[in-house]
Amino acid sequence: MGFLLTVSFLIHGLSLFCIILLYMQVTKVKRIERWHQQNINKMEAAMGSYLAEFQEQNEQFLRQLRERSTSLSSEMGKNSAKSPFLDEEDVPVQRVDLKSEPSESLHELLSIEESQKPISTSFDELTTDQIQGLSGEEIKEFSVYLKGKGLTIEEIAKHLHRGKTEIELLLKFHQ
């Protein structure tokens, strides 16, 4: 009889030990699920803010594109209202003397063309306020210039205080 009682206590003690181990495993799994749910919530918030920023950049880009297209269409309307032909004052004319011998090589002509590119001031001379006040065309020119200097799109966007997506689109449209 004493032997059976001892075996019964051992079995009850062993089963109690197993129940405690199972309880610890269940609480550990619940803790991991809670941590996972918190990470999901953080990721959703980060993605939401990213998407909102992306949407804001796209709307700003579309606004600038519409402004540019309306200004171009109004300029074209003015030019077509004046006369169907452009005035000589509006078009820069480079006169070439056809009778003389060509004195410039192709390399010299190309260097002249590169020096006549419309970047009027050096990018390094611009202040932050001037950079933020740049027009769309100037931003495009500076982004192409900075891309030519070997900067990445993120660096260009940081220098020009613009969105990365906007710079990507400007560079894609330029190609």
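Guide: A residue counts as buried when its relative accessible area is under 20%, as exposed when that area is over 50%, and as partly exposed in between, taken with a 1.4 Å probe and protein chains only. The model is predicted, so local features need pLDDT of at least 70 and side-chain atom pairs count only at pLDDT 80 or more, whereas totals for chains, interfaces and linings use all residues. Residues are numbered from 1 along each chain as its sequence is written, and side-chain values use heavy atoms, with hydrogens and water left out.

Visitor: Why is Leu 62 called partly exposed?

Guide: Leu 62 has a relative accessibility of 39%, and because this value lies between the limits of 20% and 50%, the residue is partly exposed. Leu 62 lies in helix 1, and its C-alpha atom is separated by 9.8 Å from that of Glu 166, which is 104 residues away along the chain.

Visitor: What makes these segments helices, and how many does the chain have?

Guide: Helices are DSSP runs of H or I with at least four residues, strands are runs of E with at least two, and both are numbered from the N terminus. By that rule the chain has six helices and zero strands, which gives the pattern α-α-α-α-α-α along the sequence.

Visitor: How do you know whether Ser 143 is buried or exposed?

Guide: Its relative accessible area is 0%, and because that is under 20%, Ser 143 is buried. Ser 143 is found in helix 4, residues 136–148, and, leaving aside neighbours within four places in sequence, it is in contact (heavy atoms within 4.5 Å) with Ile 156, Leu 160, Ile 167, Leu 170 and Leu 171.

Visitor: Why is Thr 165 called buried, and which residues does it touch?

Guide: The relative accessible area of Thr 165 is 15%, which is under 20%, so the residue counts as buried. Thr 165 lies in helix 6, residues 164–174, and touches Phe 54, Gln 57 and Asn 58, not counting residues up to four places away in sequence. For the chain as a whole, buried residues make up 13% of the 175 residues.

Visitor: What makes Glu 154 and Lys 164 a salt bridge?

Guide: A salt bridge requires a side-chain nitrogen of Lys or Arg within 4 Å of a carboxyl oxygen of Asp or Glu. The closest N and O atoms of Glu 154 and Lys 164 are 3.6 Å apart, which is within that limit, so the pair qualifies. Glu 154 lies in helix 5 (residues 153–160) and Lys 164 in helix 6, so the pair ties together parts that are 10 residues apart in sequence. Glu 154 is exposed at 51% relative accessibility, whereas Lys 164 is partly exposed at 37%. The structure holds one salt bridge.

Visitor: How do you know that the phi of His 161 deserves a remark?

Guide: Most residues other than glycine have a negative phi. The phi of His 161 is near 55°, a positive value in a residue other than glycine. His 161 is placed in the loop between helix 5 and helix 6, and at 40% relative accessibility it counts as partly exposed.

Visitor: Why are Leu 14, Leu 16, Phe 17, Ile 20, Leu 21, Tyr 23 and Met 24 called a nonpolar patch?

Guide: A patch is made of residues with over 30% relative accessible area and no salt bridge, where nonpolar side chains (Val, Leu, Ile, Met, Phe, Trp, Tyr) are joined within 5 Å and like charges within 9 Å. These residues form such a patch on the surface, with about 760 Å² of accessible area together, an area that comes from the Shrake-Rupley method with a 1.4 Å probe, where for residues only the protein chains shown count as cover. Tyr 23, found in helix 1, has a relative accessible area of 58% and is therefore exposed.
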